[in-house]
Each structure stands twice: as C-alpha cells, then as structure tokens.
Amino acid sequence: MPVIKTEGLAKHYKTGFWRPRPYPALRDLTLEVEQGDVFGFLGPNGAGKTTTLKLLMQLIYPSSGTAEVLGKPVGDVSVRGRIGYLPENPYFYDNLTAEELLVYFARLFGHSAREGRARAQRLLDEVGVGPERRFQLRKFSKGMIQRVGIAQALINDPEVVFLDEPMSGLDPLGRRDVRELILKLRDQGRTVFFSSHVLSDAEALCNRVAILVKGRLAVTGSVEELTALAAKGYELVVAGLSEQLLERVHSRMSHSTRVGPGRYSLVLPPSTAPEPLIAELAAAGARVVSLNPVRSTLEDFFVEQVRAAAEDREVSRAS
Amino acid sequence: MKAIGIIAGGVFRDSIRDRIAYGLVFFAVLLIAASFLLAQLTAGQDVKIIKDLGLAASSMIGLFIAVFFGIGLVTKEVERRSIYSLLSKPVTRSQFIVGKYIGLVMTLLINLSVMAIALYLVLAYFDWVTPASVKAAWESSALDPRMLKAFALIGVELMVMTAVTLFFSTFSSSFLSAVLAAGVYIVGHFGDDLKHLDVTVNSWLLPVLGRAAYYVMPNLSRLDVKAAVVHAEPITGAYMAVAALSSGLYILTLLVGATIIFSRRDLQ
C-alpha cells in the first residue's frame, strides 16, 4: 500500500481583484510514494511543489482530486500524529526558546513535558543547535531556524516526513548534517518526501523522484531509470580490433578512441542498439571488454524536461 | 480539550513575554501612579480622579493589548507562516481558534490584575496620607471593593473585544481587523443610543439601521460601570450576571463563526 497517494489532485488559485480568474498552480497530479522511499519532489520555482505539500498537510483545500497519507484522507487528524512537516522558510514564535517550542509541539502529540524535554534535547543535538537552544527564537539566524524547523518535524518520531526545501538557508555544514539525517531516516525505514532545487542532493539521497513543471507532473521514476532514459549512448571497450574492422563499423558510432594496442573505446549514439554490433565484432574475432551506458546527470535530465515542457507550451499556444 | 490547553499555554507564554505588552502595562501603571499627582491639584475630587483615571487607563491599555495581540492570533500566524507547523500537528482548526483565544484571555486577565493591584496600591497610599476629616467627605472609601466589579466587567469587555478581533482576523488583514475591531468598540459603546435612534433622528432608515446594529454589535456600554463605581452607585449581582452571561453568549457565537470561517480557509 502506498504511503502517499494522490489522484488527479489539482489546485486553482484565483487571481485578479475585479474579475478573479483561476490560476492553475497544480494540475491533475497522480502520484504514489511507497514506504521507505526517499522521494525527491523537484521542479523550478512556481512549479507547484509547495502547493502540493500544503495540500498534503491540508493547509489548503484541493480544487479537485484526492490525496491520502498512510491510507487515510489528508484531513484525518489521527494521521498527523504519524507524520512530520517542515514548511518552506519556517517561522516560529519569537518569544519562545527553541527548547520550549519543541516541548510545546511534543505535548501536542501527547507526550509529557518531561518526555518532550528529553526529545527536544536529543533532536536539537542531532540538528546541531547548541547552547543557544535556551535563547528566544527571535535571536536566531535563518539557518538556525531551519535547523529548529527540522527538529520540530521529527519530534514525534514520524513514519513519514515531509520536508519543503530542507537545505534552504543552511551553510555547507548544515547541508551535510541534513543529508546525513535524511539517510539516517531512510535507514530507519521511514519515508521521506522532500522538495528541493538542489539536484545534486536529490541525486545523492533519493531513490525516486518526480519532476513538476508549471503545475504538471512531467515525469516520475527512480533516479537510475530517469537518468538512463536520458542516456547519451553507450561506451563499448573492445580488444583485438583490427584497423579494417574499425573502418567497417565506424559509421555506426559517434566517435572512437584508441586506448592501447588493438584496444578501442567506441562511443555509440543512443539510437544504435549495441547488441548487433557486439555480435558482429565478436564474430570478427574482437573481444568485448566492457559495455556501459553513458548517462546524463539528474540535472541534465531536469533541464531537458523543463525545456521540453516550455516548448510544448509554445507549440500549443501557436496552434 | 488537551490540545486547546496546550495551545492556550503556548500563546500565554509567548504573549506574556512580549515587550510591547510589558511596555503597555508599564505605561498603564505609570498613568495610574501619575493620577496620584493629578489628584493633588484638585480639591475634594482627588480620590475620584485617581479611580477614574486608573479604571480608564486599565480599560484602554487592556483594549490595546486585546486588539493588537488579537490580530496576531490568526492573521500574523498566517502571514508569518508559523501556523503551518502548528496545524500539521494533531490539532483541528477549531482547537487552534479556541486555544488561541483562551491563551490571550489568560494574558489579558493577568495584565488587568497587575493594573488593578497598581491602582489599589496607589489608592491605599492615598488613603494612608489623607487626614480622616477629608476622608469623611468621600462618597466611598478609597479601597472600595466595588471597584473589583468594574475591573471584572472590564475583563469581560476585553474578552468580548478579543473574540471580535479574533473573528475578524480569520478572514481579513491585520490592518482591516484592527479597524473593524475599533469600529465595533466605538459602536458597541453607543448600544442604547442606537436602539432608540428614532427619538433623536427624523428618518425612517437610520433608526432601522441603528436597531440592526444594536442587535448585531455587542452592547459594550452595559459593561462600562466605571462612572457608577466611582460615584458609589450600586451595581447588583444580577446586573453583573446578566452582563457576563450575554457577553458569554456573544463570545461563543463569535468563536463558532470564527471556527466555521477559518475551517474553510486556504492558508496560503
């Protein structure tokens, strides 16, 4: 059973004062996230990532479609006891200390003040908030608030953690801490659903990602699948290849490089299937040393998707 | 119920430490103390001046705190997005509204108590330094316990105004909420005049509108017994009970309305 499930989820905001018109922030989002996934929810600014997270937290209501978390509709209060949420650019109560804030939230989950304090201490240690935890939050920097925000999202040992731009405002050390924390959550079997602009983080942390462009789901899948989809071709390393044989197959490859006596690296375009060529080379006496897909990074794939979506829009507008 | 208590405690803890609230209460205490000096300049009216100024200062400063912090209960929470973390916890929107309301009322009642104690201390000192022959001319004693009735109804008025501000803040901006709440306060103090507008105005429409406003707006003039207390007029327990009960019903209606509106609102 999926931990997070949306079907045809859409949200239209009304814009304009005199004649309000609907602005589609999210359209027809159908998505499933399985237990234990570290799911990266990616997209450029204004893609609808935060809107989706707000819908999943029922901070806003959908224009159409449904959403479920842990098998129950998102409005179910009992589900909220099993999830954690870090909003984008969080803000808390100025006159409370970090410790008091966490105890306050822990008590909302039914923990005693004493238990809340113990949890607060452990989590603040984990996210790197030191003695300043006894300062009022109005004295905190943006990065420190972000750390407190992450701690409050974990105060109830949630089964599912929703993080909206968790790396935002953090210094390199903070980013590393959060990356390690997400991996730790994954190792504990928890599900992490996070939105991010930082694709290298998504590539390093996520087993599955979705790319959202202008409110539409452009693509979803495992990082490996998606980067393989955008494969730039194959690199075939062959030994015992004669000059004549190389001449014969040359037209089918992008380029070739001599790496040693009779040993060549042949790069095939994605349109050329490697299997017939391998068979032909083997029949002619050459030996295949290795075959590897030449993959693009998640960033390459992301940029391709965003461009493709923009071109589609141009075409539909022109027609 | 537990969630409401925890939210109320959080609001109380946050607002009781707010520098603006401190400043306002300090200002009220200063004003009450200053009334002592002002009383020296008047002959025969001294104790009335202190009571008048003290009660008025407590009421006005309390109103400022109720409106200023009442706006923050919902509007600022939404504008600053602090509400996102809170509502992602096992808390319903109605628990949020009621918890916020109770938390601010607790803060207001503590602040009002501080102002009442300050006024009684000033009056106690005045009573101590005033010769018995002068005291004999006073309508009521300096430490007249009836003043507590005035403070109690100021407390009820502040509870009504907190509910009014909270209600407006569930659907309008901070500024608009403050303006609307100020409007309700002003109109609310002319409740009886609005009801009998036909006596003073030669129009068919205005008395109808006045009567409509009378039934919709809270009758805050009924909660204002400051002058009666200062002039030692009797305020019966029945009067207090009816005023408190009708205000309670009004508060309940506003909280239900606020909950309904807020439960359907998108928190963008």
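How many residues of chain B are in contact with how many residues of chain A? In this predicted model, 21 residues of chain B are in contact with 22 residues of chain A, where contact means that the C-beta atoms of two residues, placed from the backbone, lie within 7 Å. Because the model is predicted, local features need pLDDT of at least 70 and side-chain atom pairs count only at pLDDT 80 or more, while totals for chains, interfaces and linings use all residues. Residues are numbered from 1 along each chain as its sequence is written, and chains are lettered from A and ligands numbered from 1 in the order in which they are written.

**View 1. The side of chain B that touches chain A.** Of the elements on this side, α1 (2-16) and α4 (82-87) of chain B each supply at least two residues. The largest share, 5 residues, comes from α1(B). By class, this side of chain B has 7 nonpolar, 6 polar and 8 charged residues. Here Ala, Val, Leu, Ile, Met, Phe, Trp, Tyr, Cys and Pro count as nonpolar, Asp, Glu, Lys and Arg as charged, and the others, Gly among them, as polar.

**View 2. The fold of chain B, with 13 helices and 0 strands.** Helices (H or I, at least four residues) and strands (E, at least two) are DSSP runs, numbered from the N terminus. The radius of gyration of chain B is 20 Å, close to the 18 Å that the globule rule gives for 268 residues, so chain B is as compact as a globular protein of that length. The radius is taken over C-alpha atoms, and the globule rule is 2.2 Å times the number of residues to the power 0.38. Along its principal axes the C-alpha trace of chain B spans about 65 × 50 × 30 Å. Of the 268 residues, 44% count as buried; a residue is buried if 20 or more other C-beta atoms lie within 10 Å of its own, exposed if 12 or fewer, and partly exposed in between, with C-beta atoms placed from the backbone. Among contacts in chain B with a separation of 6 or more, 81% are between residues 24 or more positions apart.

**View 3. Helices α2 (residues 19-40) and α3 (residues 46-80) of chain B.** Two packed helices are described by the angle between their axes and the distance between the axes. For α2(B) and α3(B) the angle is about 165° and the axes are 8 Å apart. Axes are lines fitted to C-alpha atoms, for helices over the stretch in contact, and angles run from 0 to 180 degrees between N-to-C directions. The angle makes α2(B) roughly antiparallel to α3(B); angles under 35 degrees count as roughly parallel, over 145 as roughly antiparallel, 65 to 115 as roughly perpendicular and the rest as oblique. The crossing of α2(B) and α3(B) is right-handed. A crossing is right-handed if the near helix is turned clockwise from the far one by less than a right angle, and left-handed if anticlockwise. Residues of α2(B) in this contact include B:L24, B:F27, B:L31 and B:F36, and those of α3(B) include B:I49, B:L53, B:I61 and B:F68. The residues of the contact divide into 19 nonpolar, 3 polar and 1 charged.

**View 4. Helices α5 (residues 93-129) and α7 (residues 147-169) of chain B.** These helices pack at an angle of about 150°, with their axes 10 Å apart. That makes α5(B) roughly antiparallel to α7(B). The crossing of α5(B) and α7(B) is right-handed. Among the residues that meet are B:Y101, B:L104, B:L108 and B:L112 in α5(B) and B:F151, B:I154, B:L158 and B:M159 in α7(B). The contact of α5(B) with α7(B) holds 13 nonpolar, 2 polar and 1 charged residues.

**View 5. B:N111 in helix α5 of chain B.** B:N111 is buried, with 23 other C-beta atoms within 10 Å. Leaving aside neighbours within four places in sequence, B:N111 is in contact with B:A21, B:V25, B:G62 and B:I65. B:N111 and B:F26 are 85 residues apart in sequence, and their C-alpha atoms are 9.8 Å apart in space.

**View 6. A:E225 in helix α8 (residues 223-229) of chain A.** A:E225 is partly exposed, with 13 other C-beta atoms within 10 Å. The C-alpha atoms of A:E225 and A:R208, 17 residues apart along the chain, are separated by 9.1 Å. Chain A has 11 helices and 14 strands.
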